[in-house]
Amino acid sequence: MMYNVIRKMKSLCPISDETIRELESCLVPHRFPKRHLLIKENIYTRYAYFIEKGITRSYWLADGKEITTSFAWEGSIVFSMDELYYNKPSEEFVETLEETEAYAIAHSDLNRLFETNLELCNWGRIIHQNEYRRLHRSHKERLTLPAKERYEEFRKQFPEVCKRVNLGYIASYLGITISTLSRLRADK
């Protein structure tokens, strides 16, 4: 049952039971082990994933180094924007950080639902505007705040991530070293 996904969707905007049934008819349940790559750079996945249980991180490789760009957990959807919107292979990876229960939906089905179902189209708009705001805020914080304040803002925005994710991934997301993050955490 998609309890966490449906709860999160309905917290963002009105979604009818009929729309939920239409969405569910396109989904395939999966269980993935920890450290499984849902999406890989330069590979067409052709699927998006609704996260029912577990947590993921998205990252890029830059000069062989992993740079964490975002986290997703229960109720979220993860996908490659390059693939879904531009029909290009992904420029990033999405990795499970815990055993994860997810529902896969083909990009073709998701795009069709966005085009034909106003409730899902509106939900998609809201998740994208929220993600844009998060990216904009993160960019601003990286450019204007010292490391300690960046970490404090991260803790406020993502308390669940702080409890469940390796410090190295958080440091990477914040653009600081793990030793700096450890020192900031010890100063608390």
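**Ground rules**

I number residues from 1 along each chain as its sequence is written. Because the model is predicted, I note that local features need pLDDT of at least 70, side-chain atom pairs count only at pLDDT 80 or more, and totals for chains, interfaces and linings use all residues, while side-chain values use heavy atoms, with hydrogens and water left out.

**Overall build**

I looked up the secondary structure first. The protein has nine helices and eight strands. Both are DSSP runs numbered from the N terminus: helices are H or I with at least four residues, strands are E with at least two.

Along the principal axes, the C-alpha atoms fill a box of roughly 50 × 35 × 30 Å.

Of the 188 residues, 46% count as buried. Buried means under 20% relative accessible area, exposed over 50%, and partly exposed in between, with a 1.4 Å probe and protein chains only.

I also looked at contacts, meaning heavy atoms within 4.5 Å. Among contacts with a separation of 6 or more, 72% join residues 24 or more positions apart.

**The sheet**

In what order do the strands of the open sheet run? I read β1-β8-β3-β6, four strands with antiparallel pairing. The edge strands are β1 (27-32) and β6, since each pairs on one side only. Two strands pair if DSSP finds at least two bridges between them.

I went through the pairs in turn. Six bridges join β1 to β8, and P29 has Y103 of β8 as its bridge partner. Six bridges also join β3 to β8 (residues 100-106). There F50 is partnered by Y103. β3 and β6 (residues 77-78) pair over two bridges, with Y49 opposite V78.

Why is β3 (residues 47-53) largely enclosed by the rest of the structure? Five of its seven residues are buried.

I checked helix α1 (residues 3-12) next. Its buried residues are N4, V5, I6 and M9. Their cover includes α2 (17-24), β3 and α5 (118-144).

**A104**

I picked A104, which is found in strand β8. Buried or exposed? A104 has 3% relative accessibility, so it counts as buried. Leaving out residues up to four places away in sequence, A104 touches C26, L27, V28, H30, Y47, A48 and Y49.

**The largest pocket**

The largest pocket has a volume of about 1,300 Å³. A pocket is an open set of points on a 1 Å grid over the protein atoms alone, where a 1.4 Å probe fits, with protein on both sides within 12 Å along at least five of seven lines; lining residues have an atom within 4 Å of a point. Grid points are joined across faces, edges and corners, and the volume is the space filled by probe spheres set on the points.

I found 37 lining residues, with S70, F71, E131, R134 and L135 nearest the centre. Which element gives the largest share of the lining? α5 does, with 13 residues. Elements that each supply at least two include α1, β4 (55-62), β5 (65-73) and α3 (81-86).
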